[in-house]
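Reader: I am new to this structure. Could we go through its aromatic rings?

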Amino acid sequence: SSLSSQITFNHSDSSGFQAISLVVGGYGDQVGEFVLILEGMGITPADNAGDSFSIRLTPAMIASGVPLSVYAITRGQSRVDPILSRIDADFNVIEDSRGDAIQCDDAGNPGLCYGRTEPLDDYGVTIATGTLPGWQYDSYLSLDISGVTLTDDPDFNFFNFLVSSYGSSQGQYLLAFHVGTAEVGEGGTKPLRPVGSG
């Protein structure tokens, strides 16, 4: 779309790791749905547990009724087999009320992926260099956030995710978040505030 936006971000930390924060909202507090795509991510031996990402939930996101969907898609020919997990602050995989881990290795495989996701090998995402196709080992989580109760302190309203890989697979991947925003009370709208680090 001609209304889409793009920003280049990087850091100069010699350790290779740095927290990067992004704030996304609709122009003029417009509401609706959008996809945030993070390119240039990679699984390397230096990652330890993997790359962590945090999404700060807002009242506008809850009010939208749109599930929070996260995709980890292999970039190019890297053939990394991404695993996407919802984690707590100590990097433990979170379980639902039935004790099922909120984690996805291969989207569409009910034995390896939480929830009712579809395989991604018939899907793709359009980026500046063309269409990046999905494949059978890409991962995807779609979480219903409509019943989430937020605290008064926004610093405690995060959903944390971890991208790691199956076995010793390494390489670049793309991360995409599909979110919605809606009007909230008399104050109008509140913009989505995703924060990612990796």
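Aromatic pairs

Author: Tyr71 is partly exposed, at a relative accessible area of 21%; buried means under 20%, exposed over 50% and partly exposed in between (1.4 Å probe, protein chains only). The model is predicted: local features need pLDDT of at least 70, side-chain atom pairs count only at pLDDT 80 or more, and totals for chains, interfaces and linings use all residues. Residues are numbered from 1 along each chain as its sequence is written, and side-chain values use heavy atoms, without hydrogens and water.

Reader: How many aromatic pairs are there?

Author: The count is two aromatic pairs. Rings of Phe, Tyr and Trp (its six-membered ring) pair if their centres lie within 6.5 Å; planes under 30 degrees apart count as stacked, over 60 as edge-to-face and the rest as tilted.

Reader: Why is the pair of Tyr71 and Tyr140 stacked?

Author: Because the ring planes of Tyr71 and Tyr140 are at 5°, with the centres 4.4 Å apart.

Reader: Where in the chain are these two?

Author: Tyr71 is in strand β4 (residues 68-74) and Tyr140 in strand β9 (residues 139-143), 69 residues apart. Strands (E, at least two residues) are DSSP runs, numbered from the N terminus.

Reader: Is Tyr140 buried or exposed?

Author: Tyr140 is buried, with a relative accessible area of 14%.

Reader: And what about Trp135 and Tyr137?

Author: Their ring centres are 4.8 Å apart and their planes at 85°, so this pair is edge-to-face. Trp135 is buried at 15%, and Tyr137 is partly exposed at 30% relative accessibility.

Definitions and conventions: Helix = DSSP H or I, 4+ residues; strand = E, 2+ residues; numbered from the N terminus.
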